[in-house]
Amino acid sequence: MDIEKLKTLALAASRGPWEWRTSNSVLRLSGADGKDGGVIRAAMHAHWPDIACSQEDQAYIAAANPAAVLELIVKVAQLECLKADY
């Protein structure tokens, strides 16, 4: 895991916190800017459904995967133990 890369991607992604919203059975993810579906929203092409999500948000979502988050949690726990020793 590259923490600096994760930081860069987080800074480029839509500002959080993110919030899932739904109405009319349509689920979408909105950011702190309040734009409904500004992070992820349904999109319809001529012959197939899709989702609309910026490349920056796609990269961040992929990088902030469960393995990366769990590794960060372990690192925080290790730092807390070191801090408690002082």
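This is a predicted model: local features need pLDDT of at least 70, side-chain atom pairs count only at pLDDT 80 or more; totals for chains, interfaces and linings use all residues.
Local features were taken at pLDDT of at least 70 and side-chain atom pairs at pLDDT 80 or more, whereas totals for chains, interfaces and linings use all residues. Residues are numbered from 1 along each chain as its sequence is written, and side-chain values use heavy atoms, with hydrogens and water left out.

The protein chain holds 3 helices and 4 strands. Both kinds of element are DSSP runs numbered from the N terminus: helices are H or I with at least four residues, strands are E with at least two. Along the sequence the order is α-β-β-β-β-α-α. Along the principal axes, the C-alpha atoms fill a box of roughly 60 × 25 × 20 Å.

Buried residues make up 16% of the 86 residues. Buried means under 20% relative accessible area, exposed means over 50%, and partly exposed lies in between (1.4 Å probe, protein chains only). The accessible surface comes to about 6700 Å², and 60% of this surface belongs to carbon and sulfur atoms. Areas come from the Shrake-Rupley method with a 1.4 Å probe; for residues, only the protein chains shown count as cover. Of the contacts with a separation of 6 or more, 31% join residues 24 or more positions apart. A contact requires heavy atoms within 4.5 Å.

The strands form two hairpins. Strands β1 and β2 pair in the antiparallel sense over 5 bridges. Pairing requires at least two DSSP bridges between two strands. Trp20 stands opposite Leu29 in β2. The hairpin of β1 and β2 has 2 residues between the strands, and Asn24 takes a positive phi near 55° there. Strands β3 (residues 41-44) and β4 (residues 49-52) are also antiparallel, with 4 bridges. Ala43 has Asp50 in β4 as its bridge partner.

Ser30 belongs to strand β2 (residues 26-30). Its relative accessibility is 1%, so Ser30 counts as buried. The Ser30 side chain makes a polar contact with the side chain of Asp36 at 3.4 Å. Such a contact is a pair of N or O atoms within 3.5 Å; within protein, one must be able to donate a hydrogen and the other to accept it, and residues adjacent in sequence count only if both atoms are side-chain atoms. A polar atom of the Ser30 side chain also lies 2.8 Å from the backbone nitrogen of Gly37. Beyond neighbours within four places in sequence, the contacts of Ser30 include Pro17, Trp18, Arg21 and Val39.

The whole structure contains 1 aromatic pair. Trp18 and Tyr60 have ring centres 6.0 Å apart and planes at 80°, so the pair is edge-to-face. Trp18 lies in the loop between α1 (3-12) and β1 (19-23) and Tyr60 in helix α2 (residues 55-63), so the pair ties together parts 42 residues apart in sequence. Rings of Phe, Tyr and Trp (its six-membered ring) pair if their centres lie within 6.5 Å; planes under 30 degrees apart are stacked, over 60 edge-to-face and the rest tilted. Trp18 is partly exposed at 27% relative accessibility, and Tyr60 is partly exposed at 24%.
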